[in-house]
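Here is a short briefing on side chains and how they meet. Keep the structure open while you read.

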Amino acid sequence: MHIGVFTDGFNAYDLEDMLSTCERLGITGVELGCANWSQAPHVPVEDLLSGKISPEEYLENFKRHGITIDALNCSGNVLHPVEGEAHREGMRKTFQIAKLLGVKTVVATSGLPAGGPNDLRPNWVTTHWPPENYDILNYQWNEVAIPTWKILAAEAREAGVRIAFELHPTCLVYNLYTYERLVDGVGDCRDVLGINMDPSHMMWMGGDGRDLVRAVPESIFHVHLKDVVFHPEKQMVNGNLDYKPGAGMAERSWSFDVPGKGRDAAWWTNFLETLSEAGYNGILSVELEDYTGFPKNPLAEAVEFMKPLTADYPD
């Protein structure tokens, strides 16, 4: 396993500055934003697809700094009633870029449909009541999500890539149950549809990513490193369902941070042990969402904390 970074955290910096920083910090792998919610700050998507820039020319930038491209990221809402087709096209372009660059893993979100055929906005159902929630869920799963992902899974297989779902709240697939429901509905797709294990989402929802890894070890295709810090004075009166802006960290029940800020070294050591036992041997991609400003400082903190812990797990 090796420490990497999801480079959207460096969206204000050019490719050379980002790569130079990674090299200086000892980071050897990157996950590049390529489409949809990412502005693809470090991937010249259209120039690569048109041939204006060759894959060899582009990859030379990374070789010069001793860095590999471990994954591309095209997270978005491919099931959105209005924007879904554009996001599906963004995903297809990402498949093409991955094929050109020899990248095998694409990180994505499952998307979230509307609540019915005439709705224009996605609808996230999280409880069993009121009863009409099941009408929404039946529509979302059976009429939208499963048919769409049958097509996208086939396209991913044809392109020679696999998709790692970030189990993200406000997406249809956000935990083990919903992941299993999708892959069972699509059928014969576990080689193509897997999981991006970001333990932070399980943390704030009250779960534990280590248990999820143990439940489906063969499905862990990619890993994000991100921690959660809870703010008890807010949490105890508001709970963990918190839609206040992420940048307003002090006002929230919880906030994202880099590894080591919420869970200690013992927890993260056990997380790595769990991944190793599951057979995972790939990138540990730091995702910068702590809103502390300049991205290089929290990234340096994350590397400093995680580097000794990864010593027993050489790539």
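The points below cover aromatic rings, charges and the nonpolar core.

This model is predicted. It has 9 aromatic pairs and 18 salt bridges. Its largest nonpolar core has 92 residues.

**Aromatic rings**

- A pair of aromatic rings is described by the distance of the centres and the angle of the planes.
- The count of aromatic pairs comes to 9.
- Take Trp267 and Trp268: their ring centres are 4.9 Å apart and their planes meet at 75°, so this pair is edge-to-face. The cut-off for that label is an angle over 60 degrees.
- Both Trp267 and Trp268 are buried.
- Trp267 also pairs with Phe271: here the centres are 5.5 Å apart and the planes are at 15°, so the pair is stacked. Stacked planes are under 30 degrees apart.
- Trp267 and Phe271 both belong to helix H10, which covers residues 265-277. They are 4 residues apart, so about one helical turn separates them.
- Phe271 is buried, as is Trp267.
- Elsewhere, one aromatic cluster is formed by Trp204, Trp254 and Phe256.

**Charges over rings**

- Trp254, a member of that cluster, has the charged end of Arg252 over its ring. The distance to the ring centre is 4.3 Å.

**Salt bridges**

- Side chains of opposite charge can pair when their charged atoms come close.
- The salt bridges number 18.
- Glu85 and Arg88 form one of them, with N and O at 3.0 Å.
- Both residues sit in helix H4 (residues 84-101). They are 3 residues apart, so about one helical turn lies between them.
- Is Glu85 buried or partly exposed? Glu85 counts as partly exposed, because its relative accessibility is 42%.
- Arg157 and Asp191 form another salt bridge, and their closest N and O atoms are 2.8 Å apart.
- Arg157 has a relative accessible area of 38%, so it is partly exposed. Asp191 is partly exposed as well, at 49%.
- Arg210 forms a salt bridge with Asp208, where the closest N and O atoms are 2.7 Å apart.
- Arg210 is buried, because its relative accessible area is 16% and the cut-off for buried is under 20%. Asp208 has 21% relative accessibility, so Asp208 counts as partly exposed.
- Some salt bridges share partners, and these join Glu85, Arg88, Arg92 and Glu155 into one network.

**The nonpolar core**

- The largest nonpolar core has 92 residues.
- Which residues have the most contacts inside this core? They are Trp149, Leu193 and Leu275.
- Helix H5 gives the largest share of the core, with 12 residues.
- Leu275 is in contact with Met1, Val213, Ile220, Val223, Tyr280 and Leu284. That list leaves aside its neighbours within four places in sequence.

Terms used: Residues numbered from 1 in each chain as written. Predicted model: local features only at pLDDT ≥ 70, side-chain atom pairs only at ≥ 80, totals over all residues. Heavy atoms only, no water. Phe/Tyr/Trp six-rings, centres within 6.5 Å; stacked < 30°, edge-to-face > 60°. Buried < 20%, exposed > 50% of the residue type's maximum accessible area, 1.4 Å probe, protein only. Helix = DSSP H or I, 4+ residues; strand = E, 2+ residues; numbered from the N terminus. Lys NZ or Arg CZ within 6 Å of the ring centre and 35° of its normal. Salt bridge = Lys/Arg side-chain N within 4 Å of Asp/Glu carboxyl O. Core = buried A, V, L, I, M, F, W, Y, C linked by side-chain atoms within 4.5 Å. Contact = heavy atoms within 4.5 Å.
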